[in-house]
Amino acid sequence: MNTLKNDRFLRALRREPTDTTPIWVMRQAGRYLPEYRATRSRAGSFMALAQNPELACEVTLQPLERFDLDAAILFSDILTIPDAMGLGLTFAQGEGPRFAHPVRTRGDIEKLAVPDMDVELRYVMDAVRLIRKELDGRVPLIGFSGSPWTLACYMVEGAGSKDFATLKAMCWNEPKLAHQLLDTLAQAVAAYLIAQAAAGAQTLMVFDTWGGLLGPAPFREFSLRYMARVVDALKASPHSAELPIVLFSKGAGQHLGALADTGCTALGVDWTIDLADARAAVGSRVALQGNLDPAILRAGPDVIRREARAVLDSYGRHPGHVFNLGHGITPEVDPEHVNVLVDEVHAYGKTLRG
């Protein structure tokens with residue numbers, strides 16, 4: 001593989017000195033970009049785009065052509081694992097994901113098996129290999145997965161939801177069954193991320209989108225426990241043992257200390273907690289990634305610059321900060337506003353890192 005030309009993202013994750021604060025943006029390859037919309041239209045559907053390694057590579061690289069970003073993230077979806085388990089994933093136009101075969105009973109859960117990464121999910125690994133080749137060492141590549149809890153939310157509900165009450169009910173009424181599902185998913189997530197590492201991913205990220213829906217004790221039992229198992233498995237594999245591991249649990253700011261205890265390298269932070277408070281919670285154990293409110297990108301350039309500086313100031317001059325949004329960029333954002341953000345983070349970040 002080619003020598004990395006820009007390694008400030010990886011250096012920041014290791015809490016090493018950097019010349020400025022690195023930045024990438026969650027969902028940076030997405031519908032806010034006209035070139036992405038054109039490629040998706042060519043593909044015919046979201047899943048056709050995600051399952052075509054050449055097109056997935058194309059859209060992964062699109063934001064890097066527009067913006068001076070410090071990392072690329074694999075274009076894929078968090079629900080590739082349950083789709084590979086045979087649940088029949090579809091995305092209707094203007095709607096969220098739907099599964100034709102939700103997982104609701106003991107029989108449903110006992111039938112689930114960890115997918116073969118070289119068969120059912122080969123298209124993801126082929127995309128990772130192609131993206132690494134096409135990046136030619138420009139910036140590092142992030143591989144990712146949904147967390148076991150978040151995957152279970154969609155698999156049991158069968159679609160998106162405000163509260164995923166069906167899975168919550170299973171946790172209360174049949175906790176052993178819920179743990180059986182989550183155990184299988186933890187094995188699958190670990191195998192999936194290890195395969196991405198073997199294919200060339202240079203950082204591994206776990207998106208726990210719905211962990212924040214749980215109360216304190218259920219979060220530890222049904223979400224945190226299984227992310228910790230994934231981290232342990234990644235650190236035990238020769239393919240992934242040396243790679244940075246980033247955990248992002250949206251809405252779980254009160255659990256940052258416990259998340260840091262998993263042994264991960266960095267934590268993603270949403271916009272509901274000040275980065276100074278997040279640093280106080282984790283000390284120097286992990287790097288932090290975040291945490292501008294994505295809605296600020298709909299404001300004017302002066303507001304974007306001011307709020308970006310506020311995030312950078314809240315973290316301060318300490319090493320170990322990767323600038324990002326507190327969640328994914330939304331489709332109505334003007335791409336030029338992303339340019340404003342990236343340039344301001346790099347310019348102001350130099351004054352903090354110099």
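Is phenylalanine 164 buried or exposed? Phenylalanine 164 is buried, with a relative accessible area of 0% (buried means under 20% relative accessible area, exposed over 50%, and partly exposed in between, using a 1.4 Å probe and protein chains only). The model is predicted, so local features need pLDDT of at least 70 and side-chain atom pairs count only at pLDDT 80 or more, while totals for chains, interfaces and linings use all residues. Residues are numbered from 1 along each chain as its sequence is written, and side-chain values use heavy atoms, with hydrogens and water left out.

**Backbone**

- Most residues other than glycine have a negative phi, and most peptide bonds are trans.
- Phenylalanine 164 is not a glycine, yet has a positive phi of about 50°.
- Phenylalanine 164 lies in the loop between helix 8 (148–157) and helix 9 (165–173); helices (H or I, at least four residues) and strands (E, at least two) are DSSP runs, numbered from the N terminus.
- Arginine 15, also a residue other than glycine, has a positive phi near 60°.
- The loop between helix 1 (8–13) and helix 2 holds arginine 15, which is partly exposed at a relative accessible area of 31%.
- Glycine 290 and asparagine 291 are joined by a cis peptide bond, with omega about 0°.
- Asparagine 291 is in the loop between strand 8 (287–289) and helix 14.

**Helix 2 and helix 4**

- Helix 2 (residues 34–43) packs against helix 4 (residues 53–66) at an angle of about 170°, and their axes are 9 Å apart; axes are lines fitted to C-alpha atoms, for helices over the stretch in contact, and angles run from 0 to 180 degrees between N-to-C directions.
- That angle makes helix 2 roughly antiparallel to helix 4 (over 145 degrees; under 35 counts as roughly parallel, 65 to 115 as roughly perpendicular and the rest as oblique).
- From helix 2, Pro34, Glu35, Tyr36, Thr39, Arg42 and Ala43 meet Leu55, Glu58, Val59, Gln62 and Arg66 of helix 4; contact means heavy atoms within 4.5 Å.

**Aromatic rings**

- A pair of aromatic rings is described by the distance of the centres and the angle of the planes.
- Rings of Phe, Tyr and Trp (its six-membered ring) pair if their centres lie within 6.5 Å; planes under 30 degrees apart count as stacked, over 60 as edge-to-face and the rest as tilted.
- By this rule there are eight aromatic pairs.
- In one of the pairs, the rings of phenylalanine 46 and phenylalanine 75 have centres 5.7 Å apart and planes at 65°, so the pair is edge-to-face.
- Phenylalanine 46 is in helix 3 (residues 46–50) and phenylalanine 75 in the loop between strand 1 (72–73) and helix 5 (80–87), so the pair ties together parts 29 residues apart in sequence.
- Phenylalanine 46 is buried at a relative accessible area of 10%, and phenylalanine 75 is buried at 7%.
- Tyr36, Phe46, Phe75 and Phe91 are linked into a cluster by ring pairs.

- Leucine 312 is placed in helix 14 (residues 301–315) and is buried, with a relative accessible area of 0%.
- Not counting residues up to four places away in sequence, leucine 312 touches Thr21, His321, Phe323, Val345, Tyr348, Gly349 and Leu352.
- Asparagine 339 belongs to helix 15 (residues 335–353) and is buried at a relative accessible area of 18%.
- Apart from neighbours within four places in sequence, asparagine 339 is in contact with Arg66 and Phe67.
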